[in-house]
Amino acid sequence: MGRQRPLILTIVAAVLATAIGIVLSFVIHWFPVQASTQAHNTDRLYHVLVIATIPIFVLVVTVILYCCWQFRMKPGEELKDGPPIHGNTRLEVIWTAAPAILLLGMVAYSFVVLHDNEKRPAHEINVGVTGQQFEWSFQYPPSVTGGKPVESFQLYLPEGESVKFDLHSKDVIHAFWIPAFRIQEDVVPGITTHWRATPDRLGTYPIVCNLLCGLGHSLMRAQVHVVPRAQFQAWLKSRQSTSTASVSGGASTGTTGAAAG
Ligand SMILES: [Cu+2]
């Protein structure tokens, strides 16, 4: 009985700590608003990973603290040695197999989310993104505008429609990141990289360059405006009539012409 009391106390404390940890993981708002379907998937995955890791963290810390408490050296035992142990096959199989199964499960779930986030939908619009020290510009091809191409320093997107971004860089490596969409991709000179998102919440959200690209890196910001389809169409029309002179057809020609968006 004397040995059992500390063990029961420890187990109760561990269960309590796990419960508090899981509750806290729900109470704390870790992320900015979710403004794309990908954001919901990504946050759900993150939450599952956090909830799966809390009991493991508690288990490891509990075993350490329990051993320090119960098996620490007492006065007079300075020269004593511990009992010789040659291992425990069953225990070793369990502590190898259990984490392996858990990890494989989390990897499989992550893969499914990634695959879902990048899946090509039946309908999508293409928008060109050009990064250069230290600004973003956006190109809307005729397939999107229904007429002349449009270039802008503001990103407008219709709500509820999948967008495939084609990313180009004019100088060094940048990273195109919209935190509210939860997706980021490197923008590399010489190649075109891609990024797909479906904005599902009206509003204006920051666009960030997330790779140190030079002295003005911290200023390399822009905004994405998620608007209803009709407003998007109207904005494209107004841009077509005002930016004729600054755009010369191609997707990545844009010199720093009309600055306002
Ligand atoms: Cu940068």
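I began with helix α1 (residues 4-27) and helix α2 (residues 37-70), whose axes come within 9 Å and cross at roughly 150°. Axes here are lines fitted to C-alpha atoms, for helices over the stretch in contact, and angles run from 0 to 180 degrees between N-to-C directions. I noted that α1 and α2 are therefore roughly antiparallel (the word covers angles over 145 degrees).

I reminded myself that this is a predicted model, in which local features need pLDDT of at least 70 and side-chain atom pairs count only at pLDDT 80 or more, while totals for chains, interfaces and linings use all residues. Residues are numbered from 1 along each chain as its sequence is written.

Next I looked up which residues make the contact (C-beta atoms, placed from the backbone, within 7 Å), and found among them A14, A17 and G21 of α1 and I51, I54 and V58 of α2. The residues of this contact divide into 12 nonpolar, 7 polar and no charged.

I then turned to the strands, and found an open sheet of 5 strands in the order β4-β10-β9-β6-β7, with mixed pairing. Helices (H or I, at least four residues) and strands (E, at least two) are DSSP runs, numbered from the N terminus, and two strands pair if DSSP finds at least two bridges between them. β4 (155-158) and β7 (183-187) stand at the edges with a single partner strand each, so one side of each is left without a neighbour in the sheet.

Finally, I checked β6 (residues 174-178) and β9 (residues 203-209), which pair in the antiparallel sense over 2 bridges, and I saw that F176 stands opposite C209 in β9.

Notes: Parallel < 35°, antiparallel > 145°, perpendicular 65-115°, else oblique. Contact = placed C-beta atoms within 7 Å. Nonpolar A, V, L, I, M, F, W, Y, C, P; charged D, E, K, R; others polar.
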